[in-house]
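Subject: Structure handover

Hello,

Here is the structure I said I would pass on. Please open it alongside this message; my notes on it follow below.

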Amino acid sequence: MNILHTITVKQVLTESTKEILLKRYENQKIQLKREHEQLQFEWKKIERAKKYPSHKLSQHFQKEMDEKLEKIKLLDFQLEQLDILPIGSELKEKEVQGMIDIQVGDNWDEEALSRTIIIEDGIVKEIR
């Protein structure tokens with residue numbers, strides 16, 4: 001019988017993947033800062049027009065801007081952690097769904113069912 005099961009995909013940290021991740025995090029951070037600035041601009045623009053109730057409007061814009069700032073803080077933390085991690089570390093990249101074949105008599109243990117795919121520089125190196 002085949003069943004669907006979650007499979008963890010991990011990436012081995014190499015010099016090239018570290019550079020790619022650094023660039024990705026920096027680009028995301030720049031984009032979030034732009035979005036934050038755009039929200040501030042729009043908020044001020046609408047406030048000056050005084051077309052909408054200012055209290056609810058302020059709450060909405062403040063919530064959106066706070067979310068952007070939280071995401072920026074998270075990216076800063078990820079950048080710090082990436083700097084600390086040694087080459088060869090395994091980073092959890094994502095989870096995917098896969099089919100697993102089970103038979104009568106198989107051990108129904110989470111360890112027996114858990115699968116992990118290890119990727120290094122974009123190439124599958126190991127399936128555990």
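In which strand does isoleucine 7 lie? Isoleucine 7 lies in strand E1.

First, the basis of these notes. This is a predicted model, in which local features need pLDDT of at least 70 and side-chain atom pairs count only at pLDDT 80 or more, while totals for chains, interfaces and linings use all residues. Residues are numbered from 1 along each chain as its sequence is written, and side-chain values use heavy atoms, with hydrogens and water left out. Helices (H or I, at least four residues) and strands (E, at least two) are DSSP runs numbered from the N terminus.

The sheet

The order of the four strands is E2-E1-E3-E4, in an open sheet with mixed pairing. Two strands count as paired if DSSP finds at least two bridges between them. Strand E2 (90-101) and strand E4 (123-127) are the edge strands, each pairing on one side only. On average, neighbouring strands of this sheet are turned by 30° against each other, direction ignored; the axes behind this angle are lines fitted to C-alpha atoms, for helices over the stretch in contact, and angles run from 0 to 180 degrees between N-to-C directions.

Strand E1 covers residues 2-12 and pairs with E2 in the antiparallel sense, over 11 bridges. Two of the residue pairs can be looked up directly: threonine 6 has glutamine 97 of E2 as its bridge partner, and valine 9 has lysine 94 of E2. E1 and E3 run parallel and are joined by six bridges. Here valine 9 stands opposite isoleucine 117 in E3. Isoleucine 117 in turn has isoleucine 127 of E4 as a bridge partner.

Back to isoleucine 7. Its relative accessible area is 11%, so isoleucine 7 is buried (buried means under 20% relative accessible area, exposed over 50%, partly exposed in between, with a 1.4 Å probe and protein chains only). Leaving aside neighbours within four places in sequence, isoleucine 7 is in contact (heavy atoms within 4.5 Å) with Lys94, Glu95, Val96, Gly98, Arg115, Thr116 and Ile117. Isoleucine 7 and arginine 24 are 17 residues apart in sequence, and their C-alpha atoms are 24 Å apart in space.

E3 and E4 pair in the antiparallel sense over four bridges. Their hairpin has two residues between the strands. Aspartate 121 lies in this loop between strand E3 (115-120) and E4, and has a positive phi of about 55° although it is not a glycine. Aspartate 121 counts as partly exposed because its relative accessibility is 41%. E4 has five residues and the number buried is zero, so E4 lies largely in the open.

A nonpolar core here is a set of buried Ala, Val, Leu, Ile, Met, Phe, Trp, Tyr and Cys residues joined through side-chain atoms within 4.5 Å. Eight residues make up the largest one: Leu13, Leu21, Tyr25, Leu32, Ile72, Leu75, Leu79 and Leu82. Helix H1 (15-49) and helix H2 (54-84) are the elements that give two or more residues to this core, and H2 gives the most, with four. A second, separate core has five residues, among them Leu39, Trp43, Leu57 and Met65.

Some individual positions:

- Isoleucine 72 touches Lys29, Leu32 and Lys33, not counting residues up to four places away in sequence.
- Leucine 22 lies in helix H1 and counts as partly exposed because its relative accessibility is 27%. Beyond four places in sequence, leucine 22 is in contact with Leu79 and Leu82.
- Histidine 36 also lies in helix H1, and counts as buried because its relative accessibility is 12%. Beyond four places in sequence, histidine 36 is in contact with Met65, Lys68 and Leu69.

The pocket

About 260 Å³ of space lies in the largest pocket. Its lining includes Gln11, Leu21, Arg24, Tyr25, Gln78 and Leu82. H1, H2 and E2 each supply at least two of the lining residues. On a 1 Å grid over the protein atoms alone, a pocket is an open set of points where a 1.4 Å probe fits, with protein on both sides within 12 Å along at least five of seven lines; lining residues have an atom within 4 Å of a point. Grid points are joined across faces, edges and corners, and the volume is the space filled by probe spheres set on the points.

Regards
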